[in-house]
Amino acid sequence: MFRWQWHPLFFALFAASATIAAPAEYDPANLDQLTGEELVLMLPEGIVYFGRPLADRDYWSRVDARRRREVLRQSLLERLADPPDFSRVDRKADGRRWAAKFNRLLRNLDRALLVECLDNRGEFQPAICGMIARILNEPSWIPHAGLAARTLALADWVLGKELPQRLRARIRQEVGRRIFEPYRQALPTARWNGNAVYLVECAALLIESPGERAKYLLPSIRNSGDLDSGSCAEMAEVIRLQTGGRINLQRETGAVIRNAGGLHDLLLRQPSSR
C-alpha cells in the first residue's frame with residue numbers, strides 16, 4: 001500500500017514557490033481537454049524547481065534553518081555513524097525489514113543534502129556519493145521506487161556539477177529505466193495513484209526538454225482527481241510552478257499540504273527566491 005512520506009529538503013525548496021506570480025489560469029473544468037501542445041507552451045526551458053541549487057549561496061544564506069544547522073549537522077553525523085546494515089537482510093525473504101532499512105537510507109541521503117546545502121563545506125559529499133551509489137546498485141527499489149527516484153533527482157538538481165558526472169549519468173539511466181519507462185509503457189491507459197507525484201517531480205527535475213517533460217505531466221494533470229489530497233497538494237505545487245501558475249490543481253481539489261511539524265514549519269516560512 002502506498003504511504004505518503006515528506007522530505008525535509010522538499011520543504012526547504014518548497015518555500016521558493018510560495019509567491020509565484022499567477023497569470024490567467026487554465027479553466028479547471030477543461031483540464032481533461034488540455035492538449036500536449038498547449039502544455040508544452042506553458043513549460044519552461046531547462047530545469048525549474050522549488051528553491052535554488054546549492055550553488056546559489058544567496059538563496060541558502062536566507063534560509064532560517066541555518067540557525068539550527070549545528071543541530072541538523074549533529075543529527076546527520078549520528079545517522080551516518082549508524083547506517084542501515086543490509087548485510088543480514090534478504091530482500092526477498094524479509095521484505096519488510098529490507099524496506100525499512102532502504103527507507104532509512106533514503107532519509108539519510110535527504111538529510112545529508114539539506115545539511116550540505118546549509119553548510120556548503122563539502123564535508124558530506126563523499127557520504128552523499130556513497131549513498132547514491134548504494135541506491136543505484138540495489139537490484140530493486142520496490143516498495144520505495146518513487147521515493148528513491150525523487151531523492152536521487154533532488155540530489156542531481158541540488159548538487160549539480162558537485163556530483164561526479166558518472167553518478168549523474170547513472171541517476172538518469174536508472175530513473176529512466178525504473179520510473180519513466182514503466183509509465184511510458186502504461187500510457188495512455190494508466191490510472192494514476194499517489195506515486196504519480198514522484199513521476200511528475202522526477203520529470204521536472206531531470207528532463208530539460210518541455211516537449212519530453214509534457215509527456216509525463218499531462219496524464220497526471222488530467223487524472224489528478226485519482227490522487228489523495230496530500231499527494232495531490234504536492235503535485236499541484238510542482239505543476240503550478242512548471243506552468244507559471246496557469247494550471248492550479250488545488251483550485252480543483254481544495255487540497256492543502258499537510259503540516260508535518262518541526263523542520264517543515266521552520267523551512268516553509270522561508271522567503272521566496274523568485
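Is Cys117 buried or exposed? The legends below, drawn from a predicted model, begin with this residue.

**View 1. Two cysteines, Cys117 and Cys129, and their accessibility.** Cys117 has 0% relative accessibility and therefore counts as buried, since the cut-off is under 20%. Cys129 has 17% relative accessibility, so Cys129 counts as buried by that cut-off too. The number of disulfides comes to 0, where a disulfide would need a pair of cysteine sulfur atoms within 2.5 Å.

**View 2. Helix H5 packed against helix H6.** H5 spans residues 95-119 and H6 spans residues 125-137. Their axes lie 10 Å apart, at an angle of about 150 degrees. Angles over 145 degrees count as roughly antiparallel, so this description applies to H5 and H6. The crossing of these two helices is left-handed. On the H5 side, the contact is made by Phe102, Leu105, Leu106, Asn108, Leu109, Ala112, Leu113 and Glu116. H6 contributes Gln125, Ile128, Met131, Ile132, Arg134 and Ile135. Sorted by class, the contact of H5 with H6 has 10 nonpolar, 2 polar and 2 charged residues.

**View 3. Helix H9 crossing helix H10.** The axes of H9 (residues 196-206) and H10 (residues 210-222) come within 9 Å and cross at roughly 155 degrees. The two helices are therefore roughly antiparallel to each other. H9 passes H10 in a left-handed crossing. From H9, the residues Ala196, Leu199, Val200, Ala203 and Ala204 meet Arg213, Tyr216, Leu217 and Ser220 of H10. By class, this contact has 7 nonpolar, 1 polar and 1 charged residues.

Methods:
Residues are numbered from 1 along each chain as its sequence is written. This is a predicted model: local features need pLDDT of at least 70, side-chain atom pairs count only at pLDDT 80 or more; totals for chains, interfaces and linings use all residues. Side-chain values use heavy atoms; hydrogens and water are left out. Buried means under 20% relative accessible area, exposed over 50%, partly exposed in between (1.4 Å probe, protein chains only). Axes are lines fitted to C-alpha atoms, for helices over the stretch in contact, and angles run from 0 to 180 degrees between N-to-C directions. Helices (H or I, at least four residues) and strands (E, at least two) are DSSP runs, numbered from the N terminus. Angles under 35 degrees count as roughly parallel, over 145 as roughly antiparallel, 65 to 115 as roughly perpendicular and the rest as oblique. A crossing is left-handed if the near helix is turned anticlockwise from the far one by less than a right angle, and right-handed if clockwise. Contact means heavy atoms within 4.5 Å. Ala, Val, Leu, Ile, Met, Phe, Trp, Tyr, Cys and Pro count as nonpolar, Asp, Glu, Lys and Arg as charged, and the others, Gly among them, as polar.
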